[in-house]
Amino acid sequence: MATQVTNEAVEKVIFDGLVEIGAEGEVTREATLESLDVDSLDLVELSQIIEDEFAVELDADAVKDVKTVGDVIDLVVARGA
Amino acid sequence: MTAPAETGARRRAVITGVGAVTPLGVGAAPLIERWAAGECGIAHGVGACTEFDPGDHLSRKEARRQDRFTQFAVVAADEALAAAGWADELPYDPARVASVLGTGIGGLGSLEAQQDLLRAKGAKAVSPLAVPLLMGNAAAAAVAMRHGIHGQSFAVISACAAGAHAIGQAMRMIESGDADAVVTGGSEATLTSVATAAFASMGATSPSGISRPFDARRDGFVMGEGGGVLVLEEAEAAAARGAEVLGELRGYAATSDAFHLTAPEPSGRDAARAIGLALADAGLGAADVDYVNAHGTSTPLNDHSETEALKLALGEDARRLPVSSTKSSIGHLLGAAGAVEAIATVEALRREIAPPTVGWSERDPELDLDYVPGEARRLERRVTDSGPQPLIALSNSFGFGGHNAVLCISG
């Protein structure tokens with residue numbers, strides 16, 4: 001069963017996921033993916049973690065314009081609503 | 001500095017740094033010191049690098065993006081480059097530096113893990129890091145990226161001869177003028193379920209779990225893991241920057257048995273040819289050799305055919321020479337073996353010793369050479385009118401597929 005999509009739940013999974021994949025620096029909503037040294041391979045891994053947890057699919061096209069961690073959280077929340 | 005001298009003198013490759021991760025510990029020092037003391041890093045039938053913790057050397061992100069075989073190479077390269085005085089920056093034009101690393105298999109542990117994920121959870125669960133983790137060239141690429149090396153970089157894959165082939169290729173690149181320096185060696189991390197089962201299935205590994213090369217009781221090799229990296233530099237360039245020289249790659253040759261998928265050609269004729277050609281490449285003869293670092297796997301077939309090859313290639317000198325196997329102390333590091341053993345060889349020459357074949361005690365009547373039982377043996381430098389001469393060693397590597405690669409090293 002997928003976890004219920006809430007702002008808090010998504011934020012926690014994404015924060016933990018970014019730490020797990022070795023993001024460089026402090027993970028906050030405002031941090032840009034670039035500042036965390038998150039590249040395209042990391043984004044695919046993060047998408048896999050999100051899909052596993054929330055059954056929300058994020059393809060490459062969906063994440064191509066995201067800039068900050070908050071953008072990713074908002075995108076997942078919007079899609080999972 | 002980079003062009004061959006007008007006299008036509010050959011460009012020479014000297015060793016200015018070494019680094020190793022082995023079952024004897026992290027570093028080239030524990031490798032030579034513990035082996036020379038007769039210690040063995042094998043436990044429970046495997047030569048695992050139990051003292052290696054990637055977190056001691058790599059960031060979380062770096063460690064996640066490298067298979068264990070790549071981690072071994074990267075950590076060994078860090079040590080080798082620091083020893084060469086390269087830690088802060090490359091002392092050469094980065095376009096004139098190369099990274100050539102051998103492996104038998106590559107990121108097999110990563111491949112197995114992804115296969116498990118595919119079966120359990122389907123194609124979408126397979127990691128985007130799977131390919132860069134498992135590809136055999138990952139270590140050569142990681143070392144090039146980490147140190148800003150912009151010359152050639154690639155992997156050499158030839159089973160248990162890969163490390164020696166890589167070093168030989170690196171030597172040729174310096175000789176030909178393709179590079180002024182090469183970071184080279186090999187690494188392997190295949191203590192995995194599939195590899196363990198596969199080597200056992202073909203009857204290659206030791207049921208007793210004991211690595212005792214050249215001993216009458218030998219019953220197969222013991223799988224090990226690790227990595228070894230050397231920094232090679234063109235001799236005049238190394239001298240110009242005042243580098244400390246640890247040794248020199250004097251000669252190299254490689255041949256093929258073209259005989260069997262896995263078994264060595266029993267007369268050792270093509271292995272012998274590689275030994276003879278490596279000596280000729282160095283401009284030396286059998287009488288000049290002081291020590292042989294054998295491939296010595298502890299399999300019934302290899303140790304027999306290697307003994308035959310040494311006698312064919314070296315004649316009566318084979319009987320005078322100390323012949324020992326590093327694998328008695330660390331097991332068989334497969335694609336890393338030739339590199340780790342070249343490092344052990346140059347460090348042994350620097351210490352003027354032939355380390356022992358650890359645990360050798362029972363003579364096989366057909367294996368009639370001096371395998372250095374017991375303790376390390378002191379080697380005597382020859383003295384000529386120009387003073388004490390460098391010690392000369394051969395390091396043999398033979399791989400499944402009939403690959404023979406031999407390095408001639410001076411210390």
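How are helices α7(B) and α14(B) oriented to each other? In this predicted model, α7(B) and α14(B) are roughly perpendicular to each other, a term used for angles of 65 to 115 degrees, where angles under 35 degrees count as roughly parallel, those over 145 as roughly antiparallel and the rest as oblique. The model is a predicted one, in which local features need pLDDT of at least 70 and side-chain atom pairs count only at pLDDT 80 or more, while totals for chains, interfaces and linings use all residues. Residues are numbered from 1 along each chain as its sequence is written, chains are lettered from A and ligands numbered from 1 in the order in which they are written, and side-chain values use heavy atoms, with hydrogens and water left out.

Two packed helices are described by the angle between their axes and the distance between the axes. For helix α7 (residues 162–176) of chain B and helix α14 (residues 337–350) of chain B, the axes come within 5 Å and cross at roughly 65°. The axes are lines fitted to C-alpha atoms, for helices over the stretch in contact, and the angles run from 0 to 180 degrees between N-to-C directions. Helices (H or I, at least four residues) and strands (E, at least two) are DSSP runs, numbered from the N terminus. On the side of α7(B), the contact is made by G163(B), A164(B) and I167(B), and on the side of α14(B) by G338(B), A339(B) and A342(B); contact means heavy atoms within 4.5 Å. The residues of this contact divide into four nonpolar, two polar and no charged. In this grouping Ala, Val, Leu, Ile, Met, Phe, Trp, Tyr, Cys and Pro count as nonpolar, Asp, Glu, Lys and Arg as charged, and the others, Gly among them, as polar.

The size of an interface is often given as the accessible area lost when the parts come together. Between chain A and chain B, the buried area is about 1,200 Å², of which carbon and sulfur atoms give 36%. Buried area here is the accessible area (1.4 Å probe) that two parts lose on being put together, summed over both. In chain A, the residues that lose the most area to chain B are L41(A), E45(A) and Q48(A), which together account for 39% of what that side buries. The contact takes 16 residues from chain A and twelve residues from chain B.

Over all chains, the structure holds 47 salt bridges, each defined as a side-chain nitrogen of Lys or Arg within 4 Å of a carboxyl oxygen of Asp or Glu. Between chain A and chain B the count is nine. One salt bridge is formed by E20(A) and R60(B), with the closest N and O atoms 2.8 Å apart. E20(A) lies in helix α1 (residues 7–20) of chain A and R60(B) in helix α2 (residues 60–64) of chain B, so the pair joins two chains. E20(A) is partly exposed, with a relative accessible area of 38%, and R60(B) is also partly exposed, at 45%. Buried means under 20% relative accessible area, exposed over 50%, and partly exposed in between (1.4 Å probe, protein chains only).

A salt bridge also links K121(B) and D52(A) (2.8 Å, N to O). This pair crosses between chains, from helix α4 (residues 108–121) of chain B to helix α2 (residues 40–54) of chain A. K121(B) counts as partly exposed at 47% relative accessibility, whereas D52(A) counts as exposed at 54%. R65(B) and D42(A) meet in a salt bridge as well (2.9 Å, N to O).

Within chain B, R350(B) forms a salt bridge with E244(B), the closest N and O atoms being 3.8 Å apart. R350(B) lies in helix α14 and E244(B) in the loop between α9 (235–240) and β7 (247–256), so the pair ties together parts that are 106 residues apart in sequence. Salt bridges that share partners join E33(B), E244(B), E347(B), R350(B) and R351(B) into one network.

Three further residues of chain B were examined. T22(B), in strand β1 (residues 13–22), is buried at 1% relative accessibility. Leaving aside residues up to four places away in sequence, T22(B) touches L31(B), C49(B), E225(B), I330(B) and V340(B). Most residues other than glycine have a negative phi. F214(B), however, has a positive phi near 70°, and V372(B) has a positive phi near 55°. F214(B) is found in the loop between α8 (193–201) and β6 (226–234) and is buried at 0% relative accessibility. V372(B) is placed in the loop between β10 (353–354) and β11 (377–378), and V372(B) is buried, with a relative accessible area of 0%.
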